[in-house]
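Student: I'm new to this one. Can we walk through it piece by piece?
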Amino acid sequence: MEKRIISIFANDTHISLETKRILSAKLESAGFLPRDGYTDEAELLVCIGGDGATLEALHKYDFPNIPIIGINTGHLGFFQEIHPEQLDDFIYDYKSERYSIQSMSTVKARVRYGDREHIHRGLNEIVIRGSHCYTSHLNISIGGSFIERFSGDGIIVSTPAGSTAYNYSIGGSIVDPRLRLLQVTPIGPMNTTAYRSFTSSLLLPSDLSLEIVPENSKDKRIYIIADGFEAKYDSPKGIKIEYAKTEVRLMRFENYDFWNKVKTKFL
């Protein structure tokens, strides 16, 4: 009988690497074939670290379409489901199929740059901002209708999964991941007699896109930051942000509850 392959990704902290070593040995004893890093033959991807490790693995392996389980050796661990001392329970529950799959939506940005188009995806969010030294002026349309000329540091477009991340830290709302929407939250908006910008979050249904045309200014650089991974563009023609078809499949066990995790992590 062919062994079932499980991919393992870990960050480079001592506790993560040691957890990876122990988990690999336990998986082998249970009849699985652990692999270092992602392979297309794997049926499960284990991410060891904090939330950053899960995001790093998703971007490194191009958002693989297999279940993902997180082992928390970091700090917050909002995506992470289990702790290092629960490895035996995890393997038993996995073999017994005592788990569920939580499908998390993603967000996509299409950047028109010259005669090319670049695509960025995020599980948490996509941030659009200019240079840290200058105010960003962004012409924003929703569903093809012009809304405003935003002036400030930039905007965040977050998924429900990302509502508890950067979005929450600057005053955005926490959104239940079962809802299909995008949240647009301003970063340092200017609201004076000279500049009028929205100062609170906007919630958009999944079938509406957000179009952004940066205004020419002294510094024409625009930064697109997807889950913390940054790309720089000089004078892009436009940016379209939309709800993406790609989903991230997180493995959850019997005692998982989103709002209980919110309570334990934030309150």
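Tutor: Start with a strand pair. This is a predicted model, and in it Ile126 has Val157 of β10 as its bridge partner.

Student: How many bridges join β7 to β10, and which way do they run?
Tutor: There are 5 bridges between β7 and β10 (residues 154-158), and the two strands run antiparallel.

Student: What is the bridge partner of Ile126 in β14?
Tutor: That is Ala226. β7 and β14 pair over 4 bridges, in the antiparallel sense.

Student: What holds paired strands together in general?
Tutor: Strands of a sheet pair through backbone hydrogen bonds.

Student: Is β7 buried or exposed?
Tutor: 5 of the 5 residues of β7 (residues 125-129) are buried, so the strand is largely enclosed by the rest of the structure.

Student: Which way do its residues point?
Tutor: Glu125, Val127 and Arg129 point one way from β7. Ile126 and Ile128 point the other way.

Student: What's the strand order in the whole sheet?
Tutor: The order is β12-β11-β10-β7-β14-β15, an open sheet of 6 strands with antiparallel pairing. At the edges sit β12 (202-205) and β15 (229-234), each pairing on one side only. On average, neighbouring strands of this sheet are turned by 20 degrees against each other, direction ignored.

Student: How many bridges join β14 to β15?
Tutor: 6 bridges join β14 (residues 221-226) to β15. Ile224, for one, has Ala231 in β15 as its bridge partner.

Student: Which residues of α1 are buried?
Tutor: Ser16, Thr19, Lys20, Leu23, Ser24 and Leu27. They cover an arc of only 140 degrees around the axis, which puts them on the same side of α1. The face turned away from that buried side carries exposed His14, Arg21 and Ser29.

Student: What do the buried ones pack against?
Tutor: They pack against β1, β2, β3, β4 and α3.

Student: And in α3, which residues are buried?
Tutor: In α3 (residues 87-95), they are Leu87, Phe90, Ile91, Asp93 and Tyr94. These fall within an arc of 165 degrees seen down the axis of α3, so they line one face of the helix. Their packing partners include α1 (14-29) and β16 (238-252).

Student: What comes just after each helix?
Tutor: Gly31 follows α1, with a positive phi near 95 degrees. Just after α3, Glu97 takes a positive phi of about 60 degrees.

Conventions: Residues are numbered from 1 along each chain as its sequence is written. This is a predicted model: local features need pLDDT of at least 70, side-chain atom pairs count only at pLDDT 80 or more; totals for chains, interfaces and linings use all residues. Side-chain values use heavy atoms; hydrogens and water are left out. Buried means under 20% relative accessible area, exposed over 50%, partly exposed in between (1.4 Å probe, protein chains only). The arc is that of the directions from the helix axis to the C-beta atoms. Contact means heavy atoms within 4.5 Å. Two strands pair if DSSP finds at least two bridges between them. Axes are lines fitted to C-alpha atoms, for helices over the stretch in contact, and angles run from 0 to 180 degrees between N-to-C directions.
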